[in-house]
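Here is a short note for a colleague who is new to this structure. Please read the points in order, with the model open beside them.

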Amino acid sequence: MMKEQLEKRLAELKAELVSGQKVMADLEAKQANLRDTLLRISGAIQILEEITSSTEQNGNQNNKYVQEELNVQ
């Protein structure tokens, strides 16, 4: 009787282990996908910041040029 209970509990624990391993694998896959998504978002932010910074600098240079042209005339 005791041996049967131990074997039953052993089988339950093995099933829980397999189930837990599947959950862990799913979570690791989701984590990897999320990490990739965050890297893409971060890269997009960096590019847009560089573009907006470049645009502001060019806009300021263009404004200076226009002001200089107006002063010359």
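1. Start with a pair in helix 1. Glutamate 7 and lysine 3 are 4 residues apart there, so about one helical turn separates them. Helices (H or I, at least four residues) and strands (E, at least two) are DSSP runs, numbered from the N terminus. The two residues form a salt bridge, with their closest N and O atoms 4.0 Å apart. A salt bridge here is a side-chain nitrogen of Lys or Arg within 4 Å of a carboxyl oxygen of Asp or Glu.

2. A word on the source. This is a predicted model: local features need pLDDT of at least 70, side-chain atom pairs count only at pLDDT 80 or more, and totals for chains, interfaces and linings use all residues. Residues are numbered from 1 along each chain as its sequence is written, and side-chain values use heavy atoms, with hydrogens and water left out.

3. How open is this pair to the surroundings? Lysine 3 counts as exposed, at 60% relative accessibility. Glutamate 7 is partly exposed, with a relative accessible area of 44%. Buried means under 20% relative accessible area, exposed over 50%, and partly exposed in between (1.4 Å probe, protein chains only).

4. Now the next group. Side chains of opposite charge can pair when their charged atoms come close. Arg9, Glu12 and Glu16 are linked in a network of salt bridges. Arginine 9 bridges to glutamate 12, with the closest N and O atoms 3.3 Å apart. Arginine 9 also bridges to glutamate 16, at 3.9 Å. Glutamate 12 and arginine 9 are 3 residues apart in helix 1, so about one helical turn lies between them. Arginine 9 is partly exposed at 40%, and glutamate 12 is partly exposed at 34%. The salt bridge count comes to 3.

5. Look next at the nonpolar surface. Leu34, Leu38, Ile41 and Ile45 form a nonpolar patch, with about 370 Å² of accessible area together. Patches are made of residues with over 30% relative accessible area and no salt bridge; like charges are joined within 9 Å, nonpolar side chains (Val, Leu, Ile, Met, Phe, Trp, Tyr) within 5 Å. Leucine 38 lies in helix 1, residues 2-72. Leucine 38 is partly exposed, at 48% relative accessibility.

6. Last, the whole chain. The chain has 1 helix and 0 strands. Buried residues make up 0% of its 73 residues.

Note on methods:
Accessible areas come from the Shrake-Rupley method with a 1.4 Å probe; for residues, only the protein chains shown count as cover.
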